[in-house]
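Subject: Structure handover

Hello,

Here is the structure I promised to pass on. Please open it first, then read my notes below.

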Amino acid sequence: MTKIKLNINNKDTVLEADPQMPLLWAIRDLAGLKGTKYGCGVAQCGACVVHLNGEAVRSCVTKVSRAEGKKVVTIEGLSEDNNHPVQKAWQDLDVPQCGYCHSGQIMSAVVLLREKPDPTDQDIDDAMAGNVCRCGTYLRVRKAIHLASELQKTASNG
Amino acid sequence: MKFLKFRRTPLISQRNATLLSVLIFCGAVALSAFRTTDHLVTIHFKTENKDSIESVKAFMDVYTVLMSPRCMNCHPAGDVPLQGDDSHLHAMGPKRGADGKGVYAMKCMNCHQPTNTPGLHTPPGNPNWHLPPADMKMVFQGKTPHELAKQLVDKSKNGNKDTKQLLEHAHDSLVLAGWDPGEGRTLPPMSHKDFVKAWNTWIKKGAYAPAPTTN
């Protein structure tokens, strides 16, 4: 076991962990943040997406040692009151069905809207193709990303 | 017997015959020179002991490696990488992006870690995992030996690499990753050592391209 320093949701944190431990285990079991989900364990479904220095990494295959000294943001740290434009759009359109994949969906969508504030349907498909939803909420996800784009513009204008 | 009575008479004098032989020889040499340049593309590199036969032979070994899944999968004809020993389109359809490192939430390094992830069907790793960039795609998929050899030494298509950089590229960490592909993936058809030997021979003997018809 090694002491690993990282910043989770803007809080400096020291975890005692095997450096080979998946970041997902560290987040869920050591830091106690259960919003990020385990899906496939081999980086194919996207349920475990968190931000590592702003990038949408899959925490099931990312070793906790890769996160050392870096900023990790989970679904719990995206906003203080669930008022991030993407979260608001998800609520307004009632996007989730079972909800299991949606923390990963939202974390991926946030990266898309940061890099492409006004995305086309093709941009959304390109960005979200790695986030699988067994309930098939893809059309609502797309609609919510367009809405979030509008909410983001409104927020930045006023 | 009748034919024994046949008297051989010279059609031309010995002097003219010698002159004709010399002319035929010179003509043959000139024609063979044209034929050589028609079949081989000479790359203008500073080389030692040029030898088109040795060079082309070495390149055909190089070609088998470059067209193996471990190399070709990241040099696709389209903008989606290939995957697996059958070189199918990568699951999830990640896109190349301008810099070759993916787009938005689908960047290569989001899944591909600095090292191989243990287990079957997990992402292979490298600290610099990427495709060639959009403005220099360096496509291998579908190329004939002739086309690929020409592309590899064309600085406008090979990432602006000169001879020295080409020779060094055989030791690039991402090239070496082909011989450490992670569990369940086949290796290229020869060892890295043999690949480097063939690669160096191809370049140092003149970097000749095989004839266009060679497949």
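Start with helix H4 (residues 121-128) of chain A, where A:Ile124, A:Asp126, A:Ala127 and A:Met128 are buried. Buried means 20 or more other C-beta atoms within 10 Å of the residue's own; exposed means 12 or fewer, partly exposed is in between, and C-beta atoms are placed from the backbone. Helices (H or I, at least four residues) and strands (E, at least two) are DSSP runs, numbered from the N terminus. The cover over the buried residues of H4(A) includes H3 and H5 of chain A, plus strand S3 (102-103) and S4 of chain B.

Some ground rules. This is a predicted model: local features need pLDDT of at least 70, side-chain atom pairs count only at pLDDT 80 or more, and totals for chains, interfaces and linings use all residues. Residues are numbered from 1 along each chain as its sequence is written, while chains are lettered from A and ligands numbered from 1 in the order in which they are written.

**Chain A overall**

Chain A has five helices and five strands. Along the sequence they follow the pattern β-β-α-β-β-β-α-α-α-α. The radius of gyration of chain A is 15 Å, close to the 15 Å that the globule rule gives for 158 residues, so chain A is as compact as a globular protein of that length. That radius is taken over C-alpha atoms, and the rule is 2.2 Å times the number of residues to the power 0.38. The C-alpha atoms fill a box of roughly 45 × 35 × 25 Å along the principal axes. Of the 158 residues, 47% count as buried.

**Helix packing**

Which helices does H5 of chain A pack against? One is H3 (residues 102-115): its axis and that of H5 (residues 138-157) come within 11 Å and cross at roughly 45°. That makes H3(A) oblique to H5(A). Axes are lines fitted to C-alpha atoms, for helices over the stretch in contact, and angles run from 0 to 180 degrees between N-to-C directions. Angles under 35 degrees count as roughly parallel, over 145 as roughly antiparallel, 65 to 115 as roughly perpendicular and the rest as oblique.

In H3(A), A:Gln105, A:Ala109, A:Leu112 and A:Leu113 meet A:Val141, A:Ile145, A:Ala148, A:Ser149 and A:Gln152 of H5(A). The residues of this contact are six nonpolar, three polar and no charged. Contact means C-beta atoms, placed from the backbone, within 7 Å. Ala, Val, Leu, Ile, Met, Phe, Trp, Tyr, Cys and Pro count as nonpolar, Asp, Glu, Lys and Arg as charged, and the others, Gly among them, as polar.

Helix H2 (residues 85-92) also packs with H5(A), at about 130° with the axes 8 Å apart. H2(A) and H5(A) are therefore oblique to each other. This contact has nine nonpolar, one polar and two charged residues.

**A:Val50**

A:Val50 is in strand S3 (residues 49-52) of chain A. Buried or exposed? A:Val50 is buried, with 29 other C-beta atoms within 10 Å. Beyond its neighbours within four places in sequence, its contacts include A:Ile27, A:Val72 and A:Met107.

**Between the chains**

The contact takes 17 residues from chain B and 20 residues from chain A. On chain B, strand S4 (106-107) and helix H4 (108-111) are the elements that give two or more residues. By class, that side has nine nonpolar, six polar and two charged residues.

Best wishes

Technical notes
Two residues are in contact if their C-beta atoms, placed from the backbone, lie within 7 Å.
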